[in-house]
Amino acid sequence: MQLVRVAWALAGAALCCSLVLFLHSRFLKEGQLAAGTCEIVTLDRDSSQPRRTIARQTARCACKKGQIAGTTRASPACVDARIVKTKQWCDMVPCLDDEGCDLLVNRSGWTCTQPGGRVKTTTVS
């Protein structure tokens, strides 16, 4: 009797998983992102200058209503649109956990300062 219950539970779980996969594939076309997610499209690094690396990244996001593409913990993410409109960049928690965030004087971006003193500057264009 116990074996029959386990078999029915496994069959039900398999049916649920199949239904979820079917709905996911039906509503998300090839190349579409799930709502609230981002992916990196291009990443270019230039280390031609001594002691300095310039990195340019392009991300593609499918944000929910009231959100816009931003950065959270050094990765592309959907953030509250208010943060971008008011240029309060540190409110989106763009730096890693052990880094400090400071706005640039002209609010064109932010800096993430690591405990050892290394500074990463990000500008928004």
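Cys90 and Cys101 are joined by a disulfide, with 1.9 Å between their sulfur atoms. The structure shown is a predicted model. The link of Cys90 and Cys101 is left-handed, with -85° about the S-S bond. Cys90 sits in the loop between α2 (81–86) and β5 (100–103), and Cys101 is in strand β5, so this pair ties together parts that are 11 residues apart in sequence.

How accessible are the two cysteines? Cys90 has a relative accessible area of 23% and is partly exposed. Cys101 also counts as partly exposed, at 25% relative accessibility.

## The disulfides as a set

The structure holds four disulfides. A disulfide is a covalent bond between the sulfur atoms of two cysteines. When the bonded cysteines are counted along the chain, the disulfides follow the pattern 1-2, 3-4, 5-7, 6-8.

## Cys95 and Cys112

Another disulfide joins Cys95 to Cys112, with an S to S distance of 2.0 Å. The torsion about the S-S bond of Cys95 and Cys112 is about -85°, so this disulfide is left-handed. The pair links distant parts of the chain, 17 residues apart: Cys95 is in the loop between α2 and β5, and Cys112 is in strand β6 (residues 109–113).

Are these two cysteines buried or exposed? Cys95 and Cys112 are both buried.

## Cys63 and Cys78

Cys63 and Cys78 also form a disulfide, and their sulfur atoms are 2.3 Å apart. This link is left-handed, with -85° about the S-S bond. Cys63 lies in the loop between β2 (54–62) and β3 (67–72), while Cys78 belongs to strand β4 (residues 75–80), so the bond ties together parts that are 15 residues apart in sequence.

The two ends fall into separate accessibility classes. Cys63 counts as partly exposed because its relative accessibility is 27%, whereas Cys78, with a relative accessible area of 14%, is buried.

## The largest pocket

The largest pocket has a volume of about 1,500 Å³. It is lined by 36 residues, and those closest to its centre are Ala55, Gln57, Thr121, Thr122 and Thr123. The elements that give two or more residues to this lining are β1 (37–46), β2, β3, β4, β6 and β7 (119–123).

Which strand gives the largest share of the lining of the largest pocket? Strand β2 does, with seven residues. By residue class, the lining of the largest pocket holds 19 nonpolar, 10 polar and seven charged residues.

## Confidence in the model

The average pLDDT of the chain is 78, and 75% of the residues score at least 70. Among the elements of the chain, β5 has the highest mean pLDDT, 94. Strand β5 is also the element that contains Cys101. Helix α1 (residues 2–27) has the lowest mean pLDDT, 46.

Over residues 9–28 pLDDT stays under 50. For residues 9–28 the model has three contacts beyond four places in sequence. Where pLDDT is low, the predicted coordinates should not be read in detail.

Notes
Residues numbered from 1 in each chain as written. Predicted model: local features only at pLDDT ≥ 70, side-chain atom pairs only at ≥ 80, totals over all residues. Heavy atoms only, no water. Disulfide = S-S within 2.5 Å. Helix = DSSP H or I, 4+ residues; strand = E, 2+ residues; numbered from the N terminus. Buried < 20%, exposed > 50% of the residue type's maximum accessible area, 1.4 Å probe, protein only. 1 Å grid on protein atoms, 1.4 Å probe; cavity = no way out; pocket = protein on both sides within 12 Å on 5 of 7 lines; lining within 4 Å. Points joined across faces, edges and corners; volume = space filled by probe spheres on them. Nonpolar A, V, L, I, M, F, W, Y, C, P; charged D, E, K, R; others polar. pLDDT = per-residue confidence, 0-100. Contact = heavy atoms within 4.5 Å.
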